[in-house]
Amino acid sequence: LARHPLVQRLDFTGGTATGLKIARSMAECGRVRAYCAELGGNAPILVFADTRSVQEAVDGVAFAAFVASGQTCVSGKRILVQQEVHAEFCEKLIAKVESLRLGDPLLTDT
């Protein structure tokens, strides 16, 4: 795909080694293209007891976990919650997740 003459832009989300292989492949074929490489790690989201608002933390975690169907390099995959707010956080996160609507992203109600 990186070498195909009709490809004008390539976006890749994944590991660093594969990202480098894609860049090398484009360079070796002599065609410079637009290339977006999201080569992130998997840092956790931290929620501390002194958070300004547990609901705000829940909203941020839900956005990080579900934006773009979780297919970004900064997708929230690990959540570490301080024990003092753990029960409240879990209750609110479950409610938030249950309220999400799946469907066509081009429709305003999904």
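This is a predicted model: local features need pLDDT of at least 70, side-chain atom pairs count only at pLDDT 80 or more; totals for chains, interfaces and linings use all residues.
Me: OK, and which residues of H3 are buried?
Reply: They are Val85, Phe89 and Leu93. Buried is under 20% relative accessible area, exposed is over 50%, and partly exposed is in between (1.4 Å probe, protein chains only).

Me: Where does H3 bend?
Reply: At phenylalanine 89, by about 30°. That angle is between axes fitted to the seven residues ending there and the seven starting there.

Me: Which residues make up the largest nonpolar core?
Reply: There are 9 residues in it: Val47, Val54, Ala57, Val58, Val61, Val81, Val85, Phe89 and Leu93. H2 and H3 are the elements giving two or more residues to this core, and H2 gives the most, with 4. A nonpolar core is a set of buried Ala, Val, Leu, Ile, Met, Phe, Trp, Tyr and Cys residues joined through side-chain atoms within 4.5 Å.

Me: What is valine 61 in contact with, leaving aside neighbours within four places in sequence?
Reply: Its partners are Ile45, Val47, Ile79, Phe89 and Leu93. Apart from that core lies another one of 5 residues, including Ala2, Leu10, Ile22 and Met26.

Me: Switching to H1: which residues are buried there?
Reply: Gly19, Ile22, Ser25 and Met26. Looking down the axis of H1, these fall within an arc of 125° (taken from the directions from the helix axis to the C-beta atoms), so they line one face of the helix.

Me: And what does the face of H1 turned away from that side carry?
Reply: Exposed residues: Ala17, Lys21, Ala27 and Glu28.

Me: Last one: how many helices and strands are in the chain?
Reply: The chain has 3 helices and 4 strands, in the order β-α-β-β-α-β-α from the N terminus. The radius of gyration of the chain is 19 Å, well over the 13 Å that the globule rule gives for 110 residues, so the chain is more spread out than a compact globule. That radius is taken over C-alpha atoms, and the rule is 2.2 Å times the number of residues to the power 0.38.

Methods. Residues are numbered from 1 along each chain as its sequence is written. Side-chain values use heavy atoms; hydrogens and water are left out. Contact means heavy atoms within 4.5 Å.
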